[in-house]
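Q: Hi, I have a structure open and would like to talk it through with you. Could we start with a single pair of residues and work outwards?

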Amino acid sequence: MNKNFTLKLGIAFTALTLTSHASATTQTITAEQFGYEVDLGESFDVPLSYTSDSSDLTGLGLTLVFDSNKLAFEGFSSSLQQDLLAADTSAKADSTDIDKDASTDNIATIAWASLSGDWPGKTSTPLTVARFKVIEAAASDTAINISGSAASNSTFSAEPIVVTVGKTAEQPTVSASNATSTSGGGGSLTWYLFPLLILLSGLRRVKLVF
């Protein structure tokens, strides 16, 4: 992590701890869907939305936690720009086990901070889109856990996103019409013996004549 990004996150989390004028509230992150079925090697987008009881808070820190043996983080897009402080462009190691899940080892973080305490100015809004890719070596299903640093006097709520790992495209099966004939060239054994049968029949008739 570079120094500028570290500084920005420090400012963000400081802002989040500032006293808020709002009463106790819950900041909820909701995925467009909580289950994805993705084939090996394919990328997919995870749109995330935000809701809260209050429209005026000091911000939010959002961390996506995942298994790097199965998923690769490809970045955030379409993020809410109001008071956007910093967003990872690549994943980092989950050195503190932020989600308390031994099956995950990488994180991607995005944060918003408002010193004036008026974020995001509405009680619900599209927040960001996270893009992931199922790596070719993934051998089983996995999940993306969502952790967060809520604003002062707030709690954080989110559900994990289940990713069902599919398979690579199956090789096309050979139809009977395209299969190589075991008789050696596209016809039946009777077809090849037919001229011989005709010849033997003719010889038999010739013998009867004599």
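Q: Which residue in β13 stands opposite isoleucine 29?
A: Isoleucine 29 has alanine 158 of β13 standing opposite, and please keep in mind throughout that this is a predicted model.

Q: OK, and in which sense do β1 and β13 pair?
A: β1 and strand β13, which covers residues 154–158, pair in the parallel sense, and 5 bridges link them.

Q: What about β1 and β3, in which sense do they pair?
A: There the sense is antiparallel, again over 5 bridges, with β3 made of residues 43–52, and in this pairing alanine 31 of the chain stands opposite leucine 48 in β3.

Q: Which residues of β1 are on its covered face, and which on the uncovered one?
A: In β1, residues 25–31, the covered face holds Thr25, Gln27, Ile29 and Ala31, while Thr26, Thr28 and Thr30 make up the uncovered face. In a regular strand, side chains alternate between the two faces of the sheet.

Q: What is the strand order in the open sheet?
A: The order is β6-β11-β3-β1-β13, which makes 5 strands in an open sheet with mixed pairing. At its edges stand β6 (71–77) and β13, and each has a single partner strand, so one side of each has no neighbour in the sheet. Neighbouring strands of this sheet are turned against each other by 25 degrees on average, if direction is ignored.

Q: And how many bridges join β6 to β11?
A: β6 and strand β11, residues 124–134, are joined by 6 bridges and run antiparallel, with phenylalanine 73 standing opposite phenylalanine 132 in β11.

Q: Let's go inside: which residues touch the most other members of the largest nonpolar core?
A: That core has 33 residues, and the ones touching the most other members are Phe44, Val46, Leu48, Leu127, Phe132, Val134 and Ile144.

Q: What is leucine 127 in contact with?
A: If we leave aside neighbours within four places in sequence, the contacts of leucine 127 include Ile29, Leu48, Tyr50, Leu60, Leu62, Leu80, Trp112 and Trp119.

Q: Switching topic, is serine 147 buried or exposed?
A: Serine 147, found in strand β12 (residues 142–149), counts as buried because its relative accessibility is 14%, and the cut-off for buried is under 20%. Not counting residues up to four places away in sequence, serine 147 touches Gly61, Leu62, Thr63, Val65, Ile98, Asp99 and Phe156.

Q: And what is the relative accessible area of valine 162?
A: Valine 162 is at 40%, so this residue is partly exposed, and its place is in strand β14, residues 161–165. Beyond residues up to four places away in sequence, valine 162 touches Phe34, Gly35, Tyr36, Thr142 and Ala143. The C-alpha atoms of valine 162 and glutamate 37 are separated by 8.6 Å, although these residues are 125 residues apart along the chain.

Q: What about the whole chain, how many helices and strands does it have?
A: The protein chain has 2 helices and 14 strands, and 37% of its 210 residues count as buried.

Q: Last one: what is the mean pLDDT of the chain?
A: The mean pLDDT is 80, and 69% of the residues reach 70 or more. Over residues 17–22 the pLDDT is below 50, and that stretch has 12 contacts in the model beyond near neighbours in sequence. Residues 169–210 also have pLDDT below 50, with 9 contacts counted in that way.

Terms used: Residues numbered from 1 in each chain as written. Heavy atoms only, no water. Helix = DSSP H or I, 4+ residues; strand = E, 2+ residues; numbered from the N terminus. Buried < 20%, exposed > 50% of the residue type's maximum accessible area, 1.4 Å probe, protein only. Pairing = 2+ DSSP bridges. Axes fitted to C-alpha atoms, helices over the stretch in contact; angles between N-to-C directions. Core = buried A, V, L, I, M, F, W, Y, C linked by side-chain atoms within 4.5 Å. Contact = heavy atoms within 4.5 Å. pLDDT = per-residue confidence, 0-100.
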